Amino acid sequence: MTEQTDHFDIVIIGSGPAGFTAAIYAARGGATAALFGGVAPGGQLLQTMEIENYPGFVEPVVGADLMQKMLKQASRLGARVFSEDISAVDFSVRPFRLTAGAKTYTAGAVIAATGAQARWLGLPSEQKFIGKGVSGCATCDGFFFRGKEVCVIGGGDSAAEDALFLTKFASKVYLVHRRDKLRATFRLQEKVRTNPKIQVVYDHVPEEITGEAKVTGVNLRNVKTGAPLRLDTPGVFIAIGHSPATEIFKGQLNLDDAGYIVTNAELGTSVCGVFAAGDVMDTRYKQAVVAAGAGCKAAMEALLYLESTKN
Ligand code: NAP
């Protein structure tokens with residue numbers, strides 16, 4: 001049996017703002033471009049209800065709508081968008097080889113834009129109750145807690161945004177943070193502070209999530225006094241940040257201690273011809289607009305690289 005391969009000038013892995021922007025620039029730059037976006041193209045913004053800091057939208061835009069527009073724009077300009085995940089890469093050969101399902105693709109240049117995944121606390125009781133009251137996605141599961149009390153763990157923008165979103169359904173939202181100050185941006189903090197349904201519980205960490213078939217509540221500990229605090233909430237939403245999605249690049253690209261892809265100023269990685277853009281390499285900003293800008297840069301560099309390898 002002969003192996004089936006398809007070749008593209010540029011293959012982009014990941015379907016957030018970095019990936020789609022890279023696809024738009026690659027296609028407009030005259031390259032054959034393929035984007036592998038997984039079963040639900042859109043990345044983390046699929047879970048963001050309202051974005052009001054992406055330029056060009058006077059009114060807040062729903063994350064999923066913004067991503068649909070990017071997908072349609074990339075497709076209209078000629079990029080092939082595959083609803084599949086790349087499961088393995090081989091950057092030791094030229095052209096580069098990428099596996100999706102049973103098929104192998106080859107590419108002259110690759111842009112890694114796989115983003116980041118939500119992190120979990122790591123409590124055994126957390127894993128036990130995922131889908132039974134513990135959730136990592138308020139947008140997905142908030143609806144199930146209509147009229148009930150819930151808590152959100154975390155103190156950043158994601159936690160603040162989740163808490164605000166959950167007030168649409170829940171009768172009360174506890175925002176549990178391990179410090180005495182939220183990390184979330186000023187505007188989100190203001191919204192949290194002025195929302196009568198939200199109570200911020202500072203200086204507390206979850207020790208155990210309890211329940212039988214489903215969650216009945218969470219046991220907290222005050223990090224300053226050691227005193228226990230019990231919240232009887234059937235919903236526990238975890239929003240403590242993200243880890244880069246770099247599993248497939250291990251052993252192929254240089255990663256830093258936290259697993260982010262290491263890039264130079266031109267977004268080149270440790271392998272010439274492989275570039276990275278967005279949250280998978282951004283340890284500092286992690287903003288949709290920054291990721292989009294990085295996607296543009298990576299595609300421009302990939303086009304220059306392809307040009308330099310001709311003849
Ligand atoms: P983040 O900014 O890294 O915040 C994570 C939060 O979880 C921090 O408050 C952290 O506490 C807490 N935390 C971490 N590990 C914990 C643990 N094991 N137990 C308890 N608490 C823990 O992550 P994020 O909120 O997901 O945001 C990531 C990036 O996306 C940020 O740059 C953010 O601005 C951006 N973002 C933007 C928007 C928006 O603009 N609408 C929405 C969502 C995210 P400490 O504060 O003590 O470190």
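Is α5 enclosed by the rest of the structure or left open, and how many of its residues are buried? I counted 7 of the 10 residues of α5 as buried (under 20% relative accessible area, with exposed over 50% and partly exposed in between, 1.4 Å probe, protein chains only). So α5 is largely enclosed by the rest of the structure.

**Ground rules.** I am reading a predicted model, where local features need pLDDT of at least 70, side-chain atom pairs count only at pLDDT 80 or more, and totals for chains, interfaces and linings use all residues. Residues are numbered from 1 along each chain as its sequence is written, and side-chain values use heavy atoms, with hydrogens and water left out.

**The sheet.** I traced 5 strands in an open sheet, ordered β8-β15-β9-β10-β11, with parallel pairing. Strands (E, at least two residues) and helices (H or I, at least four) are DSSP runs numbered from the N terminus. Two strands pair if DSSP finds at least two bridges between them. β8 (134-135) and β11 (198-201) are at the edges with a single partner strand each, so one side of each has no neighbour in the sheet. I then checked β9 (residues 149-153) against β10 (residues 172-176) and found 5 bridges in the parallel sense. E149 sits opposite K172 in β10.

**Helix α5.** This helix (residues 157-166) packs on the sheet and touches β9, β10, β11 and β15 (235-238). Contact here means heavy atoms within 4.5 Å. The direction of α5 makes about 170° with that of β9; axes are lines fitted to C-alpha atoms, for helices over the stretch in contact, and angles run from 0 to 180 degrees between N-to-C directions. Its buried residues include A159, D162 and F165. Among the elements covering them are α4 (138-141), α6 (186-193) and β15.

**D157.** I looked at this α5 residue separately. D157 counts as partly exposed, at 30% relative accessibility. Beyond its neighbours within four places in sequence, D157 contacts A184, T185 and L188. Its side chain reaches the backbone nitrogen of T185 at 2.7 Å.

**The ligand.** Which residues come nearest to the ligand? Of the 19 around it (a heavy atom within 4 Å), I noted D157, S158, E161, R179 and R183. The largest share of the shell, 3 residues, comes from α5. I listed polar contacts (N or O pairs within 3.5 Å) next. The side chain of R179 has an N or O atom 2.8 Å from a ligand oxygen. For the side chain of H242, the distance to a ligand oxygen is 3.1 Å. The protein covers 78% of the 920 Å² of accessible area that the ligand has on its own, by the Shrake-Rupley method with a 1.4 Å probe.

Note on methods. A polar contact is a pair of N or O atoms within 3.5 Å; within protein, one must be able to donate a hydrogen and the other to accept it, and residues adjacent in sequence count only if both atoms are side-chain atoms.
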